[in-house]
Amino acid sequence: MDKWVLIDGNSIIYRAFFAMPPLTNSAGLHTNAVYGFTTMLLKLLEEEKPTHMLVAFDAGKTTFRHEGYEDYKGGREKTPPELSEQFPVLKELLRSFGISQYELPGYEADDIIGTLSRLADEQGVETVVVSGDKDMLQLASDHVTIALTRKGVSEVERYDPAEIDAKYGLKPLQIIDLKGLMGDTSDNIPGIPGVGEKTALKLLHEFGSVEGVLENAAELKGKMKEKVETHRDSAVMSKKLATIYREVPLEKRTDELAYGGYDAQTLADNFRKLEFKSLLERLALPEAAGADAAAVAAAATYDVVSAGELPAAELTALLAASESVYIEAIGDNPHQARLIGLAVAAGDRIAVATYDDLMDGRTAAPLRDWLADEQAPKRGYDLHKAELALGWAGIPLCGIRFDALLAAYLLDPTESSQTLAALIQRFGLAAIQTDEAVYGKGARLQVPAGEALANHLAAKADAVRRLVPLLSAELGKGNMTKLNDELELPLAVVLAGMEKQGIQVNPGVLEELGAELERGIAQYMSDIYSQAGMEFNIHSPKQLGEVLFEKLGLPVIKKTKTGYSTDAEVLEKLEPYSEIVKLILHYRQLTKLQSTYVEGLLKEIRRDTGKVHTYYRQTIAATGRLSSQFPNLQNIPIRLEEGRRIRKAFVPSEAGWSILAADYSQIELRVLAHISGDARMKQAFIEDTDIHTKTAMDVFGVTAENVDANMRRQAKAVNFGIVYGISDFGLSNNLGISRKDAARFIEQYFAVFEGVRAYMDNIVAQARKDGYVTTLLERRRYLPEIKASNFNLRSFAERTAMNTPIQGTAADIIKLAMVKMDAELRTRKLRSRMLLQVHDELVFEVPADELELMKTLVPDVMERAIELDVPLRADVSYGDNWYEAK
DNA sequence: AACGTCACG
DNA sequence: ACGTACGTGACGTTA
């Protein structure tokens, strides 16, 4: 049985372009649309297993459609150059896939596909037409199904005549009439102005076709009648334009469409050129042209020596002359990572030490002495993780002077892959093998012995050595040397100290809470089942959706890409309809606490010490914030009392000590006042007034006494919106008001806070000009999408341009405070310990005799971390546990 | 592995 | 007309 797949090339490449984030290979060639197209192709090949395949393209600028209507597809934005350059790339890639392609001057891709699908119908060949264009639905028949892209490109929705009927109540050919009536702005097809999809469908259900509507125009009433009569010609012409021409004189025989599979070598070459690594892997194609270990080693210009085989004096000399070090620890959680060994590069020699070399024998002492020597500089990669992995093996690491991972993060904090192999590629250096290639992954993780391991570690140390000067130079160009040397690098050491210290968690408190939750959960579960009249998995959004929206018939508020949405926002709207909704909300609340915070946290407690040791990641957040993992201690509940009780489990690790917490008050808005220079906002903070109340006063034009709770709440939401990069849509959603009202609010706000408005305008303009935004300490974030022609991408980038300097500067400030606080604790020889950071809050454990001092020292250091045009304020509290420190 | 959901600032 | 508030991580389900 033959199976044809016909692809509307232009439509799909456009979709792919706008759906995918920007992507370039190291030569600067844009590849995102080709990438998206390719993922879709692979999925089609896999799912459809076509015997024949064709990608049709539009040829040239004008088609027969322009003869009757010059403005056809007029007013379209020009194809962005980032996309145009991908057409030839795609065509070449299709050739290496062995997929036929076709274009014919004067015709569009739809006409070619229309003609082929007619042939398919005549011959009874099962066919799938793939496009992003709804017009294609007119081609659906018993043999031809239409696959329309949904979000993105690889997701498609299939339509046969029955589904079109179900969705629109139309026969496939009536899609043309639909277009004739409603038009299509993207193709500049006018239709009947004022008639949208709803009206058009209503008319068609009644009269069947454009002609039917026109004939019966007399039956229509009022405005509608007028509209139809004045635009008769437009409707007829629009219908004609929307009609796919199915008699194209094809110069291609259908047997030329036969698909016989791709040639792995050619395809692999092409993928490599485009740097589609994940696709190489997906098709199990060789990653580098002949990139076996031998080829990689051949590029090496160094000698690998085993530390154990080196005479003691030589080893010491090599360490003293070290230019770079690579310390290997396998595992995501550095507190549990398996220490593998290290490699030190000096001149053209690289010494490799295994785990055993580090742990005992002749080499252990000199290696450990060197690692612990503050005066012996270490330039490495991810030394924060290394410090922890070594630390748990009882080996201190000191003298950290440069970290390639940190530097790479500062240079581009949004880059998803900061692995050494990726970095090397970005800087055009000779490739090294990926960790996955050497160690495998998942269940097949296997660390090779002997030479293979030594070579890999050596290659990494060599990679670091070559990267250090390049990264340093780039940091210099970006004015980030100081940020790197004086903030991020010292902070990495401070963080490692906090993480090693850990925080005591009382399992008894959690277990008791867990037992209580268990009872509540069981009760809610049985109540939910009886309300539903059946048992089902409440955790499954799919099953829950079926129960709520099909069995119980509640109204559908929102859909996700896979089905009904059942999130809290939706459920709150459904509360009036059924009692089950509230039960589900409570059930969700309790199970969240139970699984994530009671059970999850209990699992992370070290049996021997009773502590949890989070891992702060310094190179993840695009704004410069930290993130926290294993466990995440930056999202412990606080907003609701039930969850807040979790904090009672976080206690001091020594008897008689206290937990002390200090948090910045309104740090982001203070930062905004500073960087925008808005006089009114600065004044508010200088006078230390309640900023939300002050905002309400100014926006609503009332005195302090006349600001009611609701006004303050709205002002607060506006302030949040300002920090996030405001939009009327976002604010209206948040406040549950109309978009118009939200827009009015924003306008009123900007009328008062003129400096803030100027800042928002300027920062977006600056991002457009420079391609990036910066924080007060010169942290940088690139925003390539600020120039996107796609509205969504561009708007997102604009909001990010507004938000990142604010959130990022706040992150800079608390990081500064942490480094300074750590220094204070040391120089004053205090026993108090800094344990946690939660974005605007620092948590300490403090012995009784230091409590009085710390109560003033911590906020002092935080408030003086940096001098702004407005004062910073930090509030302190303390107690027997984190809950009490409020 | 991706998705939906929900915890935090 | 388009459809999102900014930044994260963990869990359970489903494919």
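1. The model is predicted: local features need pLDDT of at least 70, side-chain atom pairs count only at pLDDT 80 or more, and totals for chains, interfaces and linings use all residues. Residues are numbered from 1 along each chain as its sequence is written, chains are lettered from A and ligands numbered from 1 in the order in which they are written, and side-chain values use heavy atoms, with hydrogens and water left out.

2. In total, 36 residues surround DNA strand C, and N537, S540, S627, F791 and R799 are the closest. Of the atoms of DNA strand C that come within 4 Å of the protein, 57% belong to sugar and phosphate.

3. Polar contacts (pairs of N or O atoms within 3.5 Å) reach both phosphate and base of DNA strand C. A polar backbone atom of A622 is 2.8 Å from a phosphate oxygen, and a polar side-chain atom of R781 also lies 2.8 Å from a phosphate oxygen. Q807 places a polar side-chain atom 3.2 Å from a base oxygen of DNA strand C. Two or more residues of the surface near this strand come from each of α26 (541-551), α28, β18 (627-629), α33 (709-724), α34 (728-735) and α37 (791-827).

4. By residue class, the surface near DNA strand C holds 10 nonpolar, 20 polar and 6 charged residues. Ala, Val, Leu, Ile, Met, Phe, Trp, Tyr, Cys and Pro count as nonpolar, Asp, Glu, Lys and Arg as charged, and the others, Gly among them, as polar.

5. Around DNA strand B there are 21 residues, of which T566, A568, K592, I638 and R639 come nearest. Sugar and phosphate make up 79% of the atoms of DNA strand B within 4 Å of the protein. Helix α28 (residues 580-604) gives the largest share of this surface, 3 residues, and the surface divides into 6 nonpolar, 8 polar and 7 charged residues.

6. A polar backbone atom of I638 is 2.7 Å from a phosphate oxygen. The side chain of R625 has an N or O atom 3.0 Å from a base nitrogen, and a polar side-chain atom of Y597 lies 3.5 Å from a sugar or linking oxygen.

Conventions. A residue is near a molecule or strand if one of its heavy atoms lies within 4 Å of it. A polar contact is a pair of N or O atoms within 3.5 Å; within protein, one must be able to donate a hydrogen and the other to accept it, and residues adjacent in sequence count only if both atoms are side-chain atoms. Helices (H or I, at least four residues) and strands (E, at least two) are DSSP runs, numbered from the N terminus.
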